[in-house]
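Subject: Structure for you to look at, with notes

Dear colleague,

Please keep the model open while you read.

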Amino acid sequence: MPTGEPDLLPLLKQYFGFRSFRPLQEEIIRDALAGRDVFALLPTGGGKSLCFQLPALARPGLTVVVSPLIALMKDQVDALQSAGIAATFLNSSLPPGEARVRLRGLHQGEYRLLYLAPERLMLSGMISDLQRWQVTLLAVDEAHCISEWGHDFRPEYRQLAELRTHFPDVPVIALTATATDRVRADIVQHLQLREPSCFVASFNRPNLTYRVLAKSGPYDQALEFIRRRPRESGIIYCHSRKSAETVAQRLNADGVKARAYHAGLSGDERGRNQELFLRDEIRVVCATIAFGMGINKPNVRFVIHYDLPKNVEGYYQETGRAGRDGLPAECLLLFSPGDVAKQTQFIEEKPDPQEQQIAREQLRQMVHYAESGTCRRAELLGYFGEDFTTDNCGACDNCLSPRATYDGTLAAQKFLSCVYRIRERSQFGVGLNHVVEVLTGADTDKIRRWGHTQLSTYGIGREHHRAEWGAIGRELIRLGFLRQSTEKFSTLELTPEGRAVLTQRQKVTLTRPVAPGEARAPRAGEIACDELLFEKLRLLRKRLADERDLPAYIVFSDVALRQMAREYPAVARDFARISGVGEKKLREFGDIFLAEIAAHLTVNPRQMFADDSFTAPPPAKPRISDTIALSVQSVRQGRSVAQVAANRGLTTGTIYGHLVAALEAGEKLDLNQLLTPEQQRRIGDALERCGPANLTGARELLGDAFEYDQLRLYRAARGR
């Protein structure tokens with residue numbers, strides 16, 4: 001293994017208990033270790049934190065993590081310490097004495113990771129200290145906060161531009177889960193990233209099911225949804241503080257443990273309610289958008305949007321709180337056209353006309369998503385510029401239970417004709433609501449003043465009520481027959497396609513609106529297991545976590561417990577193969593959980609599960625980059641790894657890394673071109689004896705005849 005390219009997999013297993021990386025993680029980590037600036041966009045649950053945590057373990061020095069929320073710092077530091085990693089944070093929540101103890105430890109080089117808020121980081125005294133503490137990596141988490149075009153702009157993040165002045169030679173890694181092209185460019189510019197490696201993973205969250213229901217008694221709809229999931233926890237996002245309080249109070253009265261979370265509560269109360277949620281003492285948090293960014297709880301099984309979100313970007317991030325562990329989770333949006341009117345009113349109260357215009361366009365896109373009859377997943381991914389080519393995602397209401405379509409030609413002609421007649425008579429355009437009022441024969445001051453009672457289209461649409469015409473009008477906009485401006489008084493005008501519908505009498509197919517009833521979706525991707533044992537292990541996990549004053553998921557994730565309840569490990573070696581079991585957790589918890597499993601089997605039969613049963617669905621595999629594809633092509637043409645490395649001016653370790661990444665992305669390679677049958681046999685035997693995650697042990701067993709890279713390649717090719 002060439003100097004500077006550490007074998008990361010033993011560290012990954014030792015500290016985090018994983019045998020392989022998620023898509024793009026290893027490439028990001030290796031570029032950061034090579035001293036390059038990095039921009040990384042990985043979806044929520046895609047493993048962003050590991051991209052700066054593992055480099056901190058792979059070399060000496062201090063990694064500084066800029067994090068916007070106190071809760072997020074504490075959560076991540078607790079998890080790192082439970083895995084045996086020296087990490088700490090400094091923020092305003094610490095009493096002075098504790099802060100001094102941590103500062104003393106930093107001066108003595110006791111920590112590998114330090115979490116700081118941006119305003120604390122930029123204090124002159126802190127900058128001076130950091131310059132003495134051998135900082136080797138600066139990680140800016142939630143980097144979209146630096147952009148005014150993002151959905152969560154924070155002015156204090158702009159100060160981070162000064163980091164380059166104070167740490168010119170330290171690589172910077174910027175990470176976010178949601179960013180449009182414009183926000184990405186802002187991040188790179190304001191952080192002064194120098195020729196950064198840019199990694200953008202798929203935005204697809206295959207374990208999430210998306211559904212939209214017409215709002216009809218929203219509290220009863222939410223309560224029914226929650227009661228169908230009796231042991232699951234989730235978040236309800238509400239538009240106002242009052243709504244969050246009211247929903248939480250009603251849920252408690254109906255036997256569902258819930259708390260509110262919003263900016264109107266004191267800091268202590270918000271922290272207490274959040275902690276109750278993290279520790280599974282309550283099932284539901286009813287929150288405004290103030291809640292979520294600092295939450296690392298992996299087993300949130302549902303997110304309900306009680307009111308319409310302001311924009312698609314915020315909606316995507318909020319739904320991303322669900323299913324971070326990769327197990328199935330559900331996202332429900334309750335939609336009412338009345339919510340659109342409320343949001344529009346808030347937009348019109350903004351003092352800046354440009355902000356109003358941006359907000360109106362964002363709201364239009366959100367309404368388009370809510371009312372669309374096409375695949376929800378395709379709509380979301382398309383917003384972020386990603387194509388979803390599958391015809392049916394199998395995990396949204398429109399794909400699982402497609403809404404009925406109908407011949408809407410007559411309705412379309414009436415609506416489009418009304419838009420045309422109004423503009424013809426008045427020589428100006430009007431908004432959607434005014435068109436609906438003309439169609440339904442309303443008697444308003446504007447209709448009388450502008451003479452619209454004299455139009456041939458006045459009152460010709462009384463067969464539909466106003467909400468139905470509003471939905472028809474918005475669908476005609478989505479279909480491209482109408483264009484809607486984004487000014488304060490947004491107006492409608494016909495497009496050439498809309499004129500063709502009128503002049504050529506083209507057929508128009510419309511989709512029925514979303515309905516209020518719930519069509520429960522199947523939950524593909526669940527890990528089939530012994531549910532009775534899973535419940536016992538869940539209670540054991542809760543007891544152990546309470547004893548250590550930790551959230552339960554920091555002990556083990558639901559994924560780990562389900563694997564235990566499926567595979568029934570009986571000895572430490574088998575237990576170590578469970579996802580998330582690192583060396584420290586094996587020592588601390590292995591015997592306790594093994595005893596619980598053994599006790600269960602003394603009175604309950606072992607259950608069998610089909611080999612093809614789903615486990616947690618993996619994140620979507622990224623396409624391989626051009627540089628990886630070139631290495632793969634060269635090997636397929638018969639060149640050895642050494643030849644490819646020499647021809648391209650790269651190390652053999654880099655070429656092996658390309659091949660491993662290609663295999664993990666689903667590419668096919670003939671292993672016989674790279675390893676002889678005898679080499680494959682010996683490596684296979686060594687990995688069988690030491691375990692697939694223990695490359696260090698396998699290499700020691702094999703001696704100097706093999707490199708780590710060859711072992712990694714074999715393991716990737718065999719899917720182990």
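In what follows, axes are lines fitted to C-alpha atoms, for helices over the stretch in contact, and angles run from 0 to 180 degrees between N-to-C directions. Helices (H or I, at least four residues) and strands (E, at least two) are DSSP runs, numbered from the N terminus. Please bear in mind that this is a predicted model, in which local features need pLDDT of at least 70 and side-chain atom pairs count only at pLDDT 80 or more, while totals for chains, interfaces and linings use all residues. Residues are numbered from 1 along each chain as its sequence is written, and side-chain values use heavy atoms, with hydrogens and water left out.

Helix packing

Two packed helices are described by the angle between their axes and the distance between the axes. Helix 19 (residues 432–439) packs with helix 21 (residues 466–478) at an angle of about 130°, and their axes are 10 Å apart. The two are therefore oblique to each other, given that angles under 35 degrees count as roughly parallel, over 145 as roughly antiparallel, 65 to 115 as roughly perpendicular and the rest as oblique. Helix 19 passes helix 21 in a right-handed crossing; a crossing is left-handed if the near helix is turned anticlockwise from the far one by less than a right angle, and right-handed if clockwise. On the side of helix 19 the contact (heavy atoms within 4.5 Å) is made by Leu432, Asn433, Val436, Glu437 and Leu439, and on the side of helix 21 by Arg466, Trp469, Gly470, Gly473, Arg474 and Ile477. Sorted by class, this contact has five nonpolar, three polar and three charged residues, where Ala, Val, Leu, Ile, Met, Phe, Trp, Tyr, Cys and Pro count as nonpolar, Asp, Glu, Lys and Arg as charged, and the others, Gly among them, as polar.

Seven of the eight residues of helix 19 are buried, so this helix is largely enclosed by the rest of the structure; buried means under 20% relative accessible area, exposed over 50%, and partly exposed in between (1.4 Å probe, protein chains only). The buried residues are Leu432, His434, Val435, Val436, Glu437, Val438 and Leu439, and they pack against helix 18 (409–426), helix 20 (445–449), helix 21 and strand 16 (492–494). Glycine 441, whose phi is positive, near 70°, follows helix 19.

Helix 18 in turn packs with helix 22 (residues 496–504) at an angle of about 110°, with their axes 10 Å apart, and the two are therefore roughly perpendicular to each other. Their crossing is left-handed. Helix 18 contributes Gln413, Leu416, Ser417 and Tyr420 to the contact, and helix 22 contributes Gly498, Arg499, Val501 and Leu502.

Seven strands form an open sheet in the order 3-4-2-5-6-1-7, with parallel pairing; two strands pair if DSSP finds at least two bridges between them. Strand 3 and strand 7 (197–200) are the edge strands, each pairing on one side only. Strand 4 (residues 113–116) runs parallel to strand 2 (residues 62–66), to which four bridges join it, and valine 64 stands opposite leucine 114 of strand 4. Four bridges also join strand 4 to strand 3 (residues 87–90), again in parallel, and phenylalanine 89 has tyrosine 115 as its bridge partner. Which way do the residues of strand 4 point? Leu113 and Tyr115 point one way and Leu114 and Leu116 the other, and all are buried. Helix 5 (residues 96–107) lies across strand 2, strand 3 and strand 4, running at about 130° to strand 3.

Strand 9 (residues 233–237) pairs with strand 11 (residues 284–287) in the parallel sense over four bridges, and tyrosine 237 has alanine 287 of strand 11 as its bridge partner.

With best wishes
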